Amino acid sequence: MPASWRTSDLTVLAVAAVGTVLLTGASFLVAPPDSLPRSDGSSYAAHPDGARAAYLLLKELGYDVERSFEPVAALRHAPERTMLVLASPSQRPSEQDVKALRAFLEKGGRVLATGPAAAAAFLPGVPARNAKTANPGDPRLARARRQDRALPGAITEAVESIEMAASTSPLAADSPYVVVYGSDQAPAVLSASVEKGQAMWWASSAPLANGAIGRPQHVELLVNTLGPTGARTILWDEFYHGHTRSFWSYISDTPFFAAITQVLGIVALALFTYARRRRPIRGRVVEPRTSPLEFIDTMGGLYERAGASTSAVATVHAHVRRRLLAALGLPRATDDERLVAAAAERLAFDRAELSSTLSHARAATTDPDLTAQQAVPLVAQLQGLATRLERVGRGQKRR
């Protein structure tokens, strides 16, 4: 009698699968923000190194700010009315993106890039993080958090100093950038004119980070860098933080695929248990102990352990004689000489070869010193004769 649907294996596994899906969905909704992937400088990130507060503040101040989910090479905004913010990008640009950024600046665009990764990848010419060129004994490096104004201008207006970790590498002598905060040996803020546009670099994202934007003069520095409200559209890059417009890109860093794998595993287990219980029952295949190969191996092992090379030759010799006598119709007492003559006349055997093989075999059957190396070729010759007799017999039957 089949089991009730209330207690069957399929029912239990189905309930477990539904529970797994529900728990996974609930974990997405109630997961704390700290358990989500960290993305420094992202306008979505609410942790101390994120930039959600700066993005919302610019909205309140009246800036035309929007998120960008496209690489630099795919931007369609007019460069002369666009400000691109690359805040601590976590992904490196392609060579095409670097060339597109250069063209964007030459046409009148403005760029703010922060962090050492942006220095090396997006804005060639600013100091990158390099342990060989860094001077850890210089007190003006990253440990000196206070950076004083080095150049008057619109960026430094009403901002005498800022709190920012400076670069650990000096500014190259042939660099097109000038120091705005810090010094040549430990630059913190740099600026350069590129044709019609302007490129600015911060050694750290601290002035726009959630955890430090409230410190004195950080908001002023951000506003001075971006310029007056309404002058340009502020594009806050999210593409180089791993955000794109594809739905799959948003769930790639979540446990979604792990949950799907678990569900598929449960389904496979259910199908396996169903098939195991309802497939045909078949008996095991047992190899008979009387198989020809096993018999041959057993007999060969017996002859080898007994050292009975003479017996092996005698057995095959007697078998060949019986086959010859049966094929020629001669009595058992017929000697080898008469047997050879009859086989040569009636079966077209070579008389000399057959006589030599039978005489050597008969001599070996009485030789107590016969070795296995001597017995093997004799047995092979006798088996060859038996094979020829078998062919002759088949030919006679067909006639």
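This report walks through the sheet, the helices packed on it and the nonpolar cores of a predicted model.

## The seven-stranded sheet

Let's start with the strands. Seven of them form an open sheet with mixed pairing, in the order E1-E9-E2-E3-E8-E7-E6. Strand E1 (64-68) and strand E6 (178-182) sit at the edges, each pairing on one side only. On average, and with direction ignored, neighbouring strands here are turned by 20° against each other.

For a look at one pair, take strand E7 (residues 187-194) and strand E8 (residues 197-202): they run antiparallel and are joined by six bridges. Within this pair, Leu190 stands opposite Trp201 in E8.

## Helices against the strands

Helix H2 (residues 52-60) lies across E1 and strand E9 (233-237), and runs at about 140° to E1.

Helix H5 (residues 218-226) also packs on the sheet, where it touches strand E2 (82-87), strand E3 (110-114), E6, E8 and E9. The direction of H5 makes about 160° with that of E8.

In soluble globular proteins, nonpolar side chains tend to be buried together. The largest nonpolar core in this model has 53 residues, and Leu84, Leu123 and Trp236 have the most contacts inside it. Another core, of 25 residues, lies apart from it and includes Val313, Leu324, Leu347 and Ala361.

Which residues does Leu84 touch, leaving aside its neighbours within four places in sequence? Its contacts are Val72, Leu75, Leu101, Phe104, Arg110, Val111, Leu112, Leu235 and Asp237.

Terms used. Residues numbered from 1 in each chain as written. Predicted model: local features only at pLDDT ≥ 70, side-chain atom pairs only at ≥ 80, totals over all residues. Heavy atoms only, no water. Core = buried A, V, L, I, M, F, W, Y, C linked by side-chain atoms within 4.5 Å. Buried < 20%, exposed > 50% of the residue type's maximum accessible area, 1.4 Å probe, protein only. Contact = heavy atoms within 4.5 Å. Pairing = 2+ DSSP bridges. Helix = DSSP H or I, 4+ residues; strand = E, 2+ residues; numbered from the N terminus. Axes fitted to C-alpha atoms, helices over the stretch in contact; angles between N-to-C directions.
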